[in-house]
Amino acid sequence: MGYLPDSNSTLTPAGTTAVTGLIPDLITRIPWPRWVLIVAALAAGVLAISCLLCAICCCCRRRRRRRKKQPQDKEAVSLGSARSSTTTHLVQPDMENLKSALGSPQQWGRLQLSLEYDFGSQEIRVTLKQAADLKAEGTADSYARVSISTDARRRHETKVHRGTLCPVFEETCCFHVLPTELPSATLQVQVLDFKRFSEHEPLGQLSLPLSTLDPQHVLECWYQLGPPDTATLEQTGELCLSLRYVPSSGHLTVVVLEARGLNLGLAESYVKVQLMLNQKKWKKRKTSTKKNSAAPYFNEAFTFLVPFSQVQNVDLVLAVWTRGPQLRAEPVGKILLSSRASGQPLQHWADMLAHARRPIAQWHRLQPAREVDRILALQPRLRLPVPRS
């Protein structure tokens, strides 16, 4: 007798096995919903693809690094050889290179200035901007001295900038030069180290022919300083003096100490000390006469009564006079010390006011008498009529 097939059982076709229904059976046995299984499968696929991409990128990077290592090693060897050769030249240079380096103007520093010519007043305007890389032992109290070849008596000195090798001047001075004299004129700038009790040390010098100047334009440029010309530093004499001011009592004490470099021969020399108020002669004194000496020693003190309210309006003028065999007195040079002065005299006057009750001594180079008189614009005292008795 035959059996009837069960309705719950599935028929398996001939030639197939029951293994093909294993995965659907497992899916049907998992209690999770089908959408969760689909999301998990997609996440697994994305993770597998990302891991594969990361592996490929790492392989590519390794190959690139291997390719770059070989030329880098070669460059490192060449750089090492170049450094060693450079060090050898610096330690033991050739004599020709050494001489050229020592004689180069760069070791004296640089100077920045501007030049402008005014056809109306026939003056050339020189503006000293700044200096850089000055050569000195340690630091320097630097200042600049400007002159022009067409008028040797006229010169300008800047303020003293203490403790710096890169001073910033920002000062302007003018020189009268005719248009016909421009091609042959030469501008001379000396940079010096200020020394209070000894000779000032030259740091560098610039000689600029004005033939290279275009009068139609303003020229502003950096210039290399050359070695200083020490032969031109001692053309005029010098005077050493001390200043002391007491604001409470109004006593201004001037001590004329000594002079040097006067080149007087057998002439007699003395010093006139003159005090001016509001551009008018006020008080004056005179030292004793020294004979047969180019470096006379005076050491004479003079005291003036100057109220504190008038100290800014006072001009102190010291003049060195000489009297020859014909008994004719002539001024060798003058020094102006006041708030209207410039350069070292202005610095000396400012130090006296800043350090009250303390004597401040300093050497000063004599200026041409006409130049000082021009700065002062001397106005003689008015002689009032006296009524007759």
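Start by selecting Arg365 and Glu238: their side chains meet in a salt bridge (3.4 Å, N to O). A salt bridge here is a side-chain nitrogen of Lys or Arg within 4 Å of a carboxyl oxygen of Asp or Glu. The pair links distant parts of the chain: Arg365 is in strand E17 (residues 360–365) and Glu238 is in strand E9, 127 residues apart. Strands (E, at least two residues) and helices (H or I, at least four) are DSSP runs, numbered from the N terminus.

Before moving on, know what you are viewing. This is a predicted model, in which local features need pLDDT of at least 70, side-chain atom pairs count only at pLDDT 80 or more, and totals for chains, interfaces and linings use all residues. Residues are numbered from 1 along each chain as its sequence is written, and side-chain values use heavy atoms, with hydrogens and water left out.

**Stay on Glu238**

Are Arg365 and Glu238 buried or exposed? Both are buried. Buried means under 20% relative accessible area, exposed means over 50%, and partly exposed is in between (1.4 Å probe, protein chains only). For Glu238 the value is 4%.

Arg260 is partly exposed, with a relative accessible area of 25%.

**Next, Asp351 and Arg162**

Select Asp351 and Arg162. Their side chains form a salt bridge of 3.4 Å, N to O. How many residues separate the two? They are 189 residues apart: Asp351 sits in helix H4 (residues 343–354), and Arg162 sits in the loop between strand E4 (151–157) and E5. Asp351 is buried at 11% relative accessible area. Arg162 counts as partly exposed at 38%.

Asp141, Arg162 and Asp351 are linked in a network of salt bridges. The count for the model comes to nine salt bridges.

**Then the sheet**

Select strands E5, E2, E1 and E8. In that order, the four strands form an open sheet with antiparallel pairing. Two strands pair if DSSP finds at least two bridges between them. Which strands are at the edges? They are E5 (168–176) and E8 (219–224), and each pairs on one side only. Neighbouring strands of this sheet are turned by 25° against each other on average, direction ignored. Axes for such angles are lines fitted to C-alpha atoms, for helices over the stretch in contact, and angles run from 0 to 180 degrees between N-to-C directions.

Zoom in on E1 (residues 110–118) and E2 (residues 123–132). Nine bridges join these antiparallel strands. Find Arg110: it stands opposite Ala132 in E2.

**Helix H2**

Select Leu53, which lies in helix H2 (residues 34–91). Leu53 is partly exposed, at 48% relative accessible area. With Leu53, they make a nonpolar surface patch of about 390 Å². Patch residues have over 30% relative accessible area and no salt bridge; like charges are joined within 9 Å, nonpolar side chains (Val, Leu, Ile, Met, Phe, Trp, Tyr) within 5 Å.

**Last stop, helix H5**

Select helix H5 (residues 369–376). Ala369, Glu371, Val372 and Leu376 are buried there. They cover an arc of only 165° around the axis, which puts them on the same side of H5. The arc is that of the directions from the helix axis to the C-beta atoms. Finish on Ala377, which follows H5 and has a positive phi, near 55°.

How values were computed:
Areas by Shrake-Rupley, 256 points an atom, 1.4 Å probe, with all protein chains shown as cover.
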